[in-house]
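My notes follow in the order in which I looked.

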Amino acid sequence: MAPSFGSGRRRKKQRWCKNREPDEDQDYEMAETALSKSDGASDIEPDTQEMVRAQNKKKKKSGGFQSMGLGYPVFKGIMKKGYKIPTPIQRKTIPLILDGKDVVAMARTGSGKTACFLIPMLEKLKARCAKTGARALVLSPTRELALQTLKFTKELGRFTGLKTALILGGDRMEDQFAALHENPDIIIATPGRLMHVAVEMKLKLHSVEYVVFDEADRLFEMGFAEQLNEIVSRLPDGRQTLLFSATLPKLLVEFAQAGLTEPVLIRLDVESKLSEQLKLSFFHVRADDKPALLLHLLRTVVKPQDQTIVFVATKHHTEYLKELLTMQGVNCTNIYSSLDQTARKINIGKFAHGKCSVLIVTDLAARGIDIPLLDNVINYSFPAKAKLFLHRVGRVARAGRTGTAYSLVAPDEVPYVFDLHLFLGRPLVFASPHQKPTDSDGVFGRVPQVTLDDEESLLQTDHERSLDLQSLRRISDNALKQYQKSRPSPSPESIKRVKEMEFSLVGIHPLFSLRFEEDEMAQLKFVDSIKTYRSKATIFEINATNKTLASDVMRAKRIRDRQSIARHQRKQEERLSLAAVKAQGVAAREEPMEDAEDHIQDVFSTVVGKKRKGLPSESRPVKKKKTPSGKKEEEFYVPYRPKDFASERGLCVGGEGTAFE
């Protein structure tokens, strides 16, 4: 038996060494020596295993996963998954978590936060345990993120033998009861359904040692605070708690209530909020022209084999654009919150497996969803919050890949673009009508009218043929009005800057300027002059000849007030010239950014050390004053007026006589 045992061990060593660096053989020899000392036992004794891990830490070069002292089953899963070198957030957090500390980690989307808590979790749990009750709990805000976490857990922990249960809303309760009765080691759940199952089954979570709040800020923003507090009350005091998120807002108060013990804050998003591999483009376009521009981008700009996500404001827009693009031959699908759970799973599966190239979504998918081969993001509706923009565009340029984010900006959405650039700490670059920039990254520009007209003619034909499309457009227009009423307002400074701008001086975006003649700007200026045309004649001079009383009166008034008129015209010209200088980037004015890292650190230490005494006045909801019964509301009150009200007071236009004059 001995020779066959040795030959099997040699084959095992050869298989291991294929996936390891040359200097890892020494570590394998040490582990094999420890195995031989254990008299052929399949498992290493605890003290021997700790010794091997400690020796690996000393021998290995810093920076690799093996230097973290991981066990063989976990390390093998990492290698099989294809991870070679830890990301910065993984290098900082994994050793702290392995040491048993509570951690609040904040890093850019796509930086590998999921592996940060899965690798230490698998290492701590090690293998199946006979005792009753789950030992690890992972809470996710959405179904899609929970399913993605389950997939990663199975891939990384394939050699550990750990059992995982998935508790999600929309799935059958009986199946989830059965999964929990099988005594899983890890529970991955959404808070609402987990609380429901816990109440129905009288589930006790006293055996949980390891708790993860994934996308923690989103958990609280989505209104799960009550369920989370109830879940936390069922957990033991000696557990290890981890909070992972791409942003760390004022909701630190709620985070501290989750029961952290002397947590360590790790923040790697301050220097660069966006990936260096991500390119941005901003197109200034009318709201009615957005469908035409979207169709042009998908057909002409985006490569046919690229995977693209389109973010819209409401679920009605997803239905409308899906129907519109399908009629134009674009293979697309959609997901939104109220869509049936099975349909959501099917649609995102079709997109992830390349069956369709375009996925139209609401902000449901802005958090945590990882499509490995995603190439582009299109913001059909520009987000009202800068952090939401980061989460949207964070779907691309992940794990070293490149990507592009296109944003369609309507006139009422321009202030949000200024807010975004203030948040990012970078100036907004406008396309120049005089020179073509070599780099289009981050440029805000206009779209040639010729491009929009060509696509618009095709869409107009589709709308005339399809009554369903007309109905969907009408519903989406009404939904957009409701959305605009409910979205947060931009900052007053950004609104002021937009009013000072002259958009007719903004040039064509470099993405389009290379394909069109120089006279395109002349055409755009002519269209702008028509849009901004104001007649110099007053209402008194309409349809009036030079010999009428009205013309004589207005001529006399102009002669008398000519100095005031000239002064007003000079001010207008000065404002236009100032706007032109700003548009060319000669005198771009940007607000100084506060030191965000110091501010967050101060808030974090204050919140964790003290109890909540009440929300600040800015965050308190403003109560709307009720109108006393019997009093009229001026905004909605329509007074009664007799039919001849205007003519009796000489206010009618086109009536007999010269009462109006």
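Predicted model: local features only at pLDDT ≥ 70, side-chain atom pairs only at ≥ 80, totals over all residues.

These entries go from the sheet to the helices lying across it and then to a pair of helices.

Entry 1: I looked up the strand order and found an open sheet of eight strands, running β10-β11-β9-β12-β13-β8-β15-β14 with parallel pairing. At the edges I noted β10 (332–335) and β14 (429–430), each of which has a single partner strand, so one side of each is left without a neighbour in the sheet.

Entry 2: I then followed β9 (residues 307–311) and β11 (residues 358–361), which pair in the parallel sense over four bridges. Within this pair I found T308 opposite V358 of β11.

**Entry 3: helices across the sheet.** I saw that α15 (residues 341–352) lies across β9, β10, β11 and β12 (374–379), and that this helix runs at about 140° to β10. Helix α16 (residues 386–393) lies across β8 (278–284), β9, β12 and β13 (403–409), and its direction is at about 150° to β12.

**Entry 4: a helix pair.** How do α13 and α14 pack? I read an angle of about 55° between α13 (residues 290–301) and α14 (residues 315–327), with their axes 11 Å apart. The two helices are therefore oblique to each other, and α13 passes α14 in a right-handed crossing. I listed P291, L294, L295 and L298 from α13, and Y320, L321, L324 and L325 from α14, as the residues that make the contact. Sorted by class, this contact has eight nonpolar residues, with no polar and no charged ones.

Terms used
Residues numbered from 1 in each chain as written. Heavy atoms only, no water. Pairing = 2+ DSSP bridges. Contact = heavy atoms within 4.5 Å. Axes fitted to C-alpha atoms, helices over the stretch in contact; angles between N-to-C directions. Parallel < 35°, antiparallel > 145°, perpendicular 65-115°, else oblique. Left-handed = near helix turned anticlockwise from the far one by under 90°. Nonpolar A, V, L, I, M, F, W, Y, C, P; charged D, E, K, R; others polar.
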